[in-house]
Amino acid sequence: MTWHLGRMAALDFESSDKHHDTARIVTCALILTSGGLATDTRTWLLNPGIPMEPEAIAVHGITDEHAAKHGQPAAEGVLEIVTALSEVVAAGVPIVGHNVGRYDLNLLSAESERHLGGPLTETIPDCADRMRVIDTMTLDRQAAPYRRRVSDTQGAYQMRTTAETYGLKWDEDQAHGAEYDALMSARAAWHMGNIAHLPHQQRPDWVRGLRTQRFSSLAVDLDELHARQIGWARTEAERFQAYLRDPVKAKDKHDPAAVIDPHWPLIPSQQNGENR
């Protein structure tokens with residue numbers, strides 16, 4: 001069975017800020033879907049225990065007061081999420097999400113270190129060897145590169161753009177809820193895998209019309225897809241770092257000392273006891 005037809009564990013978080021190493025989990029959705037079996041959805045609402053950034057509240061709509069009143073204690077929720085993810089990894093089910101290898105898994109790893117005494121590589125048995133990830137942002141950048149921004153507020157590879165590119169109807173009222181975003185990433189992954197496994201002449205017109213498209217690079221087994229994403233993510237990080245260090249290309253974003261960590265899907269822990 002090709003990877004897009006198998007069971008997937010769709011994962012998404014909404015959090016207190018946009019930096020995975022300092023953010024706290026506010027909501028989580030872990031949805032077992034596809035593979036010819038019934039969908040199994042688990043969701044969590046946590047009390048992050050710290051004030052959330054206004055920008056984060058504007059995205060997910062959950063206030064500090066609501067999280068404090070209705071959310072479960074962070075340590076308890078993190079333990080439940082890590083335990084559930086451990087079962088997914090043990091079962092050999094891949095984790096799917098949009099930017100899940102750069103943000104979501106590293107957010108959870110930081111929370112695991114904060115509340116459970118160690119990152120995911122320590123709290124999930126054989127995590128480094130057994131975890132398989134399908135990151136729809138990484139796949140989309142690889143398969144359909146050089147896409148332009150949709151607008152000043154909508155990026156070329158953000159979840160909405162990816163979903164709409166692959167023909168999925170986007171509901172902005174439900175967007176930025178962990179359950180909705182997780183499901184959309186699983187659906188986008190299915191479409192990418194389906195296109196990759198079609199003969200070139202049977203692929204959608206928009207794909208065949210691209211100047212550059214590399215969908216065939218996704219037509220591999222799950223282990224190889226995971227390995228290739230590690231390389232693609234590293235290449236993307238190196239390119240972005242070089243861009244930020246280039247004053248002509250980066251302009252007002254120029255940072256001569258910019259460092260983009262190339263690791264994927266888990267960035268090595270750099271806990272210092274102060275920022276966590």
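**View 1. Lys251, in the segment after α12, sits here.** Helices (H or I, at least four residues) and strands (E, at least two) are DSSP runs, numbered from the N terminus. This is a predicted model, in which local features need pLDDT of at least 70 and side-chain atom pairs count only at pLDDT 80 or more, while totals for chains, interfaces and linings use all residues. Residues are numbered from 1 along each chain as its sequence is written, and side-chain values use heavy atoms, with hydrogens and water left out. Lys251 isn't a glycine, yet has a positive phi of about 55°. With a relative accessibility of 64%, Lys251 counts as exposed (buried is under 20% relative accessible area, exposed over 50%, partly exposed in between, using a 1.4 Å probe and protein chains only).

**View 2. His176 is another non-glycine residue with a positive phi, about 70°.** Look for His176 in the loop between α8 and α9. His176 is partly exposed, at 30% relative accessible area.

**View 3. Trp264 and Pro265 are joined by a cis peptide bond, with omega near 5°.** Leaving out residues up to four places away in sequence, Trp264 touches Gly101, Arg102, Val133, Asp135, Thr138, His226, Gln229, Ile230 and Ala233 (contact means heavy atoms within 4.5 Å). Leu222 is 42 residues away from Trp264 along the chain, and their C-alpha atoms are 16 Å apart.

**View 4. Helix α7 (residues 136-143) packs against helix α9 (residues 178-196) at an angle of about 30°, with axes 10 Å apart.** The axes are lines fitted to C-alpha atoms, for helices over the stretch in contact, and angles run from 0 to 180 degrees between N-to-C directions. The crossing of α7 past α9 is left-handed, meaning the near helix is turned anticlockwise from the far one by less than a right angle. On the α7 side you'll find Thr136, Leu139 and Asp140, which meet Ser185, Ala188, Ala189 and Met192 of α9.

**View 5. Helix α7 is largely enclosed by the rest of the structure, because seven of its eight residues are buried.** The buried ones are Thr136, Met137, Thr138, Leu139, Asp140, Gln142 and Ala143. Their cover includes β5 (95-97), β6 (133-135), α8 (159-165), α9 and α11 (222-245). At the start of α7, a side-chain oxygen of Asp135 comes to within 3.0 Å of the backbone nitrogen of Met137.

**View 6. The largest nonpolar core has 34 residues, and Trp3, Ile134, Leu139, Phe215, Leu218 and Leu225 touch the most other members.** A nonpolar core is a set of buried Ala, Val, Leu, Ile, Met, Phe, Trp, Tyr and Cys residues joined through side-chain atoms within 4.5 Å. At least two residues of this core come from each of β1 (8-15), β2 (25-33), α7, α8, α9 and α11. Helix α9 gives the largest share, 11 residues. Another core, of 31 residues, lies apart from this one, with Val89, Ile95, Leu105 and Ala233 among its members.

**View 7. Arg114 is part of helix α4 (residues 100-116).** Arg114 counts as buried, at 17% relative accessibility. The side chains of Arg114 and Glu111 are joined by a polar contact of 2.4 Å (a pair of N or O atoms within 3.5 Å; within protein, one must be able to donate a hydrogen and the other to accept it, and residues adjacent in sequence count only if both atoms are side-chain atoms).
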